[in-house]
Amino acid sequence: MENIEKNRVNNLVEKIKIELKKVIVEQEELLDLSLITLLSGGHLLLEGVPGLGKTLLVRALARALAIDFKKIQFTPDLMPADITGTKIFNLQSRGFDLKKGPVFTNLLLADEINRTPPKTQAGLLEAMEENAVTIDGDTHQLPSPYMMIATQNPLEYEGTYPLSEALIDRFLLKVIVDYPSLKAENEVLKRHHQGFSSVDLDKCHVRAVCSPEEIERSREEVQKVEVDEDLRAYMVNIVTQTRQNQAIEIGSSPRGGIALLQSSKACAAYQGRSFVIPDDIKKMTIPTLRHRIILKPELSLEGVKPEQVLAEILSKIEVPR
């Protein structure tokens, strides 16, 4: 099988990145992993302090993709029906009309998702897993393509509700958004000094360079990416080691292995290849599994991070040739 045609996947993501870089400075890993999630048909969890451009990225992505975009600002008083929608009695027709919630969109930004109670968070489970929503016993399909990007602040714990394991496992990748470098922050100030406004994307000249149909075709190309049997065994070995490592209380479920397979295939397609190589797997292991393992409490108290443990696991497993 020949390499994926550049004009099908690789060129598409390069065009999208050009538009995103009009508003996002540096943050190469964030841009790459966001687009890999898009190609995979999965959902993305962004963790970082406020003010790092997470919301701006999602808004710019929606503009570049020319798809419908909605944002939910999660608060403690939000109810599941506020997200999914509800049925309202129509006096004229003497029947119930469906009032769709903001989840009915192509790209959903769940801002500060850990600020709402578990009952409301659970309202997203069906949408994330099945691209559908059940309201009063009736199931409604969500628009296609569908993608959710959620953000959470890692520093404030008062008035927050940690995501359940069932919900966090539905996110294909988790990306830690860090502070920009000195050079990047200087560039941010320069742009704002010259009149840049994160509110007005028209001023930033962010253009639509993609269509929903192109996204769907690109996802089909990702499914065709080949993965050798020894590389699949390599993935299984990585996931299995998370269940046997002495530092980990709870390891990844098989869903983690499926996510690693899917994201590795998207990573290959992202770079214009029709086959996965070991470097794709190594690159995707930490963002795919960091939120799917729970370290032992004593190690967490000592400041050990999931990323450190996963890096150690990778270093000890023989890489297929």
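**Close-up views of a predicted model**

**View 1. Thr-120 sits in helix α5, residues 118–121.** Helices here are DSSP runs (H or I, at least four residues), and strands are E runs of at least two, both numbered from the N terminus. This is a predicted model: local features need pLDDT of at least 70, side-chain atom pairs count only at pLDDT 80 or more, and totals for chains, interfaces and linings use all residues. Residues are numbered from 1 along each chain as its sequence is written, and side-chain values use heavy atoms, without hydrogens and water. Thr-120 is buried, at 1% relative accessible area. Buried means under 20%, exposed over 50%, and partly exposed in between (1.4 Å probe, protein chains only). Leaving out residues up to four places away in sequence, Thr-120 touches Leu-78, Met-79, Pro-80 and Ile-83. Contact means heavy atoms within 4.5 Å.

**View 2. Lys-17 and Asp-32 form a salt bridge.** Their closest N and O atoms are 2.9 Å apart. Lys-17 lies in helix α1 (residues 10–20) and Asp-32 in helix α2 (residues 28–40), so the pair ties together parts 15 residues apart in sequence. Both residues are buried. A salt bridge puts a side-chain nitrogen of Lys or Arg within 4 Å of a carboxyl oxygen of Asp or Glu. Lys-17, Lys-21, Glu-28 and Asp-32 are linked in a network of such bridges.

**View 3. Glu-307 meets Arg-290 in a salt bridge.** The N to O distance is 2.7 Å. Glu-307 is partly exposed, at 21%. Arg-290 is buried, at 13%.
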